[in-house]
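Visitor: I would like to go through this model with you. Could you bring it up, please?

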Amino acid sequence: MRKLSYLIIVCLCLCSGVIPLMARQVTAFNTGWQFKKGPFATDPMRAASQWDGKWETVEIPHTWNAMDMQVQSGSFYEGAGYYRKTQFFPHDLEGKRVFLRFEGVGACAEVYVNGKLAGTHKGGYSAFACEIGTALKLGAENEIIVKADNKARPDVIPVNQNLFGVYGGIYRPVWLIVTEQNNITVTDCASPGVYITQKDVSKKSADITVKVKLDNAGLQPAAVTLENTIYTQEGQKVGTHSRSFDLSPQGTQTYLSTFKLKNPHLWQGRKDPYLYKVVCRLMADGKVIDEVVQPLGVRKYEIVAGKGFFLNGEKYPMYGVTRHQDWWGLGSALKNEHHDFDLAAIMDVGATTVRFAHYQQSDYLYSRCDTLGLIIWAEIPCVNRVTGYETENAQSQLRELIRQSFNHPSIYVWGLHNEVYQPHEYTAALTRSLHDLAKTEDPDRYTVSVNGYGHMDHPVNLNADIQGMNRYFGWYEKKIQDIKPWVEQLEKDYPYQKLMLTEYGADANLAHQTEYLGDALNWGKPFYPETFQTKTHEYQWSIIKDHPYIIASYLWNMFDFAVPMWTRGGVPARNMKGLITFDRKTKKDSYFWYKANWSEEPVLYLTQRRNADREKRTTAVTVYSNIGTPKVYLNGQELSGIRNGYTDVHYVFDNVSLADGKNILKAVVSTKGKEYTDEIEWNYSGEKNREIDSYENKNEHSGF
């Protein structure tokens, strides 16, 4: 039955035209898995009894930390878990090459086929591929076992779980890949085996080079033809380069094709994310034996210190958010629909650039950014601490990230580390080695390293193309307003440095609300009012937008996320700096602040709708509107005395007097023949004060 099912799948693929005759077959390998979580006994007899016990049936993607990393601080399982699957492989595979490609296993993996070790991998965020054909028994059932282990270790980044949790398990899809003996390589760091570079890009022309790595698993040279073709988005052939040769069986071979595109249709970010398609076909005896398709977005990125970011020679606004990949109740075991949801929110808020922190994220996600026109930052999980033992693994994970993601036009920069310091000499040397590796693998993209300190002369700084700084003024240090003298001093002292504000913001627990706000907040206390987050973003964005010295800014974070070692703001295991709650159900006031400032979609929004139990009779009313000056009515009476706030979408009514009991606020804007409204309800029952601790930490904060 399994043999028949397999043949039916292959036939359907062939008939659909998705996979050409004799080309590679790529099949999802995510069902029929069984799972058993440790810890496992060291005594052999007890361990054998555990192994023979009951296994749980699961579907990939799967993680065993979907709940325990999210509900209680410091109380989650990190260690080994096992997956096993039996699969029938037919005799039709005789003479074929068979691979398993894992998109992500947290965090270290061992793959066994019929008891034989087929492959290992260290790192929970990059893909890896194992060739398993020689270990298979054709015409029979085969047992595949995967050991996953997410226990933190000093030689694998991240070296701890302090800033985010490394969810254990096979949490991204698995693919079964079948090719002929000669193929476009599958095991070059699990990359596509195709690398597209572009030079001298302009509206008039662009020079494109397509590098293809080929592999011959036979014993004799093979007569093959490699054909590389560029197609427009509409399917029209732009150019083809073909060459025939004898492919050596000794090692991977590399071949180049060059193209000059005349008057190329440029990839213009969100405005026009136009994609060509590069199709690489390997042929023998006139038949296609392997094929790989990759995107080509023709574009040129340029950063000019003190002036900003340029796309295809024109200044481009870098409205930035960050994103952790985990969801409430799912952990990191996400499906494409979850990535699509997050990207839809990012697009809706008006962001133009995303820092996908602090690790390599789903290749599907990167591909969607190509088609959406988001300009993105991809990075490795070298965060929080160094041990002195992680250099080799950091280099390996960076190499994997670059090769696997090389062809995504949306990626403009490779992130090397975030908030790692002592010992300074070691960390600086590590950063230099990562920068050198990135430039060797990909000379045409930028590199960035991130420091939590706010001064340029820190010992680990300036070892990458871009210096990132995380600054939490008003939250972890000083006052909200201190962002302004900080950036102005850097502008004066270091005008030629490329600087990005790579994290900023404040937590917001929606259950915490107050009108009484200072210019700082004691984050060590459990009261994290949403209104303080809103105040922080209102002021700080107004400073960021007026200082092009900050080439790009990335607010922290688009979504709340799990921090399994923390209990803060009255919620265990949670970072609440997101614009949207962890369950993705509620958009905080700050979300609408940025949407009003960034998006071209109409926004009319009254703030503090969750701060409904008012503390003051005489209060302020704030409205965000990017469609014109709003009229605001309190209990049916129009308010007067409107003033502009920090930006041209920010409107404030001061000294508004509430009635006892229920108060209805309604904002109205009429524009282009359409009326927009927003309405909220407040209640006033007497003066009160939900006290906020406005303690100011005058010392510089650098991270945790």
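Visitor: Where does Asn 635 lie?

Guide: Asn 635 lies in the loop between β37 (631-634) and β38 (637-638). Helices (H or I, at least four residues) and strands (E, at least two) are DSSP runs, numbered from the N terminus.

Visitor: What is phi of Asn 635 near?

Guide: Phi of Asn 635 is near 50°, a positive value in a residue other than glycine. Most residues other than glycine have a negative phi.

Visitor: What is the relative accessible area of Asn 635?

Guide: The figure for Asn 635 is 38%, and the residue is partly exposed. Buried means under 20% relative accessible area, exposed over 50%, and partly exposed in between (1.4 Å probe, protein chains only).

Visitor: And Asn 263, is that residue buried or exposed?

Guide: Asn 263 is exposed, with a relative accessible area of 59%. Its place is the loop between β18 (253-262) and β19 (276-284), and phi of Asn 263 is near 50°, again a positive value in a residue other than glycine.

Visitor: What kind of model is this?

Guide: The model is predicted: local features need pLDDT of at least 70, side-chain atom pairs count only at pLDDT 80 or more, and totals for chains, interfaces and linings use all residues. Residues are numbered from 1 along each chain as its sequence is written, and side-chain values use heavy atoms, with hydrogens and water left out.

Visitor: On to the backbone. Is the peptide bond from Gly 106 to Ala 107 cis or trans?

Guide: That bond is cis, with omega near -5°. Ala 107 is in the loop between β6 (105-106) and β7 (108-113). The peptide bond from Ala 357 to His 358 is also cis, with omega near -15°; His 358 is found in the loop between β25 (353-356) and α5 (363-372). Most peptide bonds are trans.

Visitor: Now the whole chain. How many helices and strands are there?

Guide: The protein has 10 helices and 42 strands. Its radius of gyration is 27 Å, close to the 27 Å that the globule rule gives for 704 residues, so the protein is as compact as a globular protein of that length. The radius is taken over C-alpha atoms, and the rule is 2.2 Å times the number of residues to the power 0.38.

Visitor: How many of the residues count as buried?

Guide: Of the 704 residues, 59% count as buried.

Visitor: And what share of the contacts comes from residues 24 or more positions apart?

Guide: Such residues account for 71% of the contacts with a separation of 6 or more, where contact means heavy atoms within 4.5 Å.
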